[in-house]
Amino acid sequence: MDGVSTSQTSAVPFLKGHGTENDFVIVPDPDNVIDLPASVVGRLCDRRAGIGGDGLLHVVRSAAHPEARAMADEAAWFMDYRNADGSIAEMCGNGVRVFARYLQRAGHVESGDLAVATRGGVKTVHIAKAAPDSGADAGDITVSMGRAALPGQTVTVTVQEHSWPTQNVNMGNPHAVAFVEHLDDAGNLYTEPSFSPAAVYPDGVNIEFVVDRGERHVAMRVHERGSGETRSCGTGACAVAVAAARRDGIDPAATGEPVTYTVDLPGGRLVITEGPDGEVEMTGPAVIVAEGYIEPALLAQTETPLG
């Protein structure tokens with residue numbers, strides 16, 4: 001159990017936000033008292049019977065969560081992230097930006113730098129002020145996503161009659177990046193594409209399909225494990241940029257110069273920079289679109305359909 005409460009008898013506040021249309025249910029719970037088992041998370045993320053989202057951001061003070069207490073001195077807030085099916089994920093790049101935007105909206109932080117604890121470690125975030133002439137209420141958010149790991153083992157991904165080799169990239173969560181000729185070749189991506197050997201990713205994998213759009217400019221689609229195809233995936237965009245750089249023969253650690261790729265996703269655009277020290281930074285928008293209250297029945301631990 002995540003919180004100390006076993007039932008909810010009153011309505012619980014929530015917000016809805018998105019980062020390049022990767023959307024999330026946001027549940028503020030500073031003291032970690034709301035119990036969110038997988039069945040409840042799945043119900044909240046259901047687009048017909050619930051609020052709807054690609055995932056859920058459970059906002060908890062680090063000191064109040066057993067998985068984050070060790071990080072509390074570095075980061076006051078913990079992003080307890082869940083996939084749409086209720087499964088737990090290590091990290092979500094778009095989710096971190098939306099998480100930071102919520103903290104700003106709630107008055108917990110202001111523009112500038114902050115640290116966010118995640119299961120993938122502490123992430124450094126910078127909330128930019130809106131440009132004076134932009135007409136925007138808030139600026140883009142940059143997240144230091146950590147260093148990419150490039151495990152040696154790779155898989156072959158297959159969709160119908162098409163198969164591609166992939167680049168194995170780990171951004172705190174696993175990714176298999178396939179460079180293809182046409183994004184449509186990836187199929188509908190609502191079901192997970194098959195990959196072999198399966199033992200390379202025993203806990204599942206996020207699979208990206210990538211095409212070139214220009215110099216250091218790519219476009220992608222993604223199947224996120226536990227969520228299906230989403231409009232955007234921040235860690236996926238980072239994995240794609242790193243994989244594209246290596247494919248293009250670029251390694252900032254060797255050149256001593258940062259490299260930046262523009263990554264177009266169905267929901268918008270992200271800019272990814274990898275520095276000589278290996279640190280990967282992701283910059284993009286984050287928007288809060290709604291807030292309200294969750295009825296207690298939706299939080300009940302029951303498998304009985306609500307409709």
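How do the residues of the lining of the largest pocket divide into nonpolar, polar and charged? Keep that question in mind; the answer comes in point 2.

1. **Before you start.** This is a predicted model, in which local features need pLDDT of at least 70 and side-chain atom pairs count only at pLDDT 80 or more, while totals for chains, interfaces and linings use all residues. Residues are numbered from 1 along each chain as its sequence is written, and side-chain values use heavy atoms, with hydrogens and water left out.

2. **The largest pocket.** The lining has four nonpolar, four polar and eight charged residues. Here Ala, Val, Leu, Ile, Met, Phe, Trp, Tyr, Cys and Pro count as nonpolar, Asp, Glu, Lys and Arg as charged, and the others, Gly among them, as polar. The lining is made by 16 residues, and Arg 47, Asp 54, Tyr 190, Ser 227 and Glu 229 lie nearest the centre of the pocket. The space inside is about 320 Å³. A pocket is an open set of points on a 1 Å grid over the protein atoms alone, with protein on both sides within 12 Å along at least five of seven lines; a cavity is a set of points where a 1.4 Å probe fits but cannot get out; lining residues have an atom within 4 Å of a point. Grid points are joined across faces, edges and corners, and a volume is the space filled by probe spheres set on the points.

3. **The largest cavity.** Searching the whole structure gives two cavities of 30 Å³ or more. The largest cavity holds about 80 Å³ of space. Among the residues lining it are Tyr 81, Asn 83, Met 91, Cys 92, Arg 225 and Cys 233. By class, its lining has five nonpolar, four polar and three charged residues.

4. **The second largest cavity.** This one has a volume of about 40 Å³. Its lining includes Ala 241, Val 242, Ala 245, Val 259, Tyr 261 and Ile 272. Two or more lining residues come from each of α3 (234-247), β16 (259-265) and β17 (268-274). Helices (H or I, at least four residues) and strands (E, at least two) are DSSP runs, numbered from the N terminus. The lining divides into six nonpolar, two polar and one charged residues.

5. **Helix α3.** From first C-alpha to last, the 14 residues of α3 reach 20 Å, close to the 20 Å expected at 1.5 Å a residue. The expected span is 1.5 Å times one less than the number of residues in the helix. Twelve of the 14 residues in α3 are buried, where buried means under 20% relative accessible area, exposed over 50%, and partly exposed in between (1.4 Å probe, protein chains only). Gly 234, Cys 238 and Val 242 are among the buried ones. Just after α3, look for Gly 249, which has a positive phi of about 80°.

6. **Helix α2.** The 13 residues of α2 (residues 93-105) should span 18 Å, and the end C-alpha atoms are 19 Å apart, which agrees. Eleven of these 13 residues are buried, so α2 is largely enclosed by the rest of the structure. Arg 97, Phe 99 and Tyr 102 are among those buried. Just after α2, Gly 107 takes a positive phi of about 85°.

7. **Cysteines without partners.** A disulfide is a covalent bond between the sulfur atoms of two cysteines. Here it is taken as a pair of cysteine sulfur atoms within 2.5 Å, and the count comes to zero. Cys 92 is buried, at 5% relative accessible area. For Cys 238, the closest cysteine sulfur is also in Cys 233, at 8.7 Å, again too far for a bond. Cys 238 is buried too, with 0% relative accessibility.

8. Ser 144 sits in strand β7 (residues 141-147) and is buried, with a relative accessible area of 15%. Not counting residues up to four places away in sequence, Ser 144 touches Lys 123, Thr 124, Glu 279, Val 280 and Glu 281; contact means heavy atoms within 4.5 Å. Ala 297, in helix α5 (residues 296-299), is partly exposed at 46% relative accessibility. The C-alpha atoms of Ala 297 and Ser 10 are separated by 9.4 Å, though the two residues are 287 residues apart along the chain.
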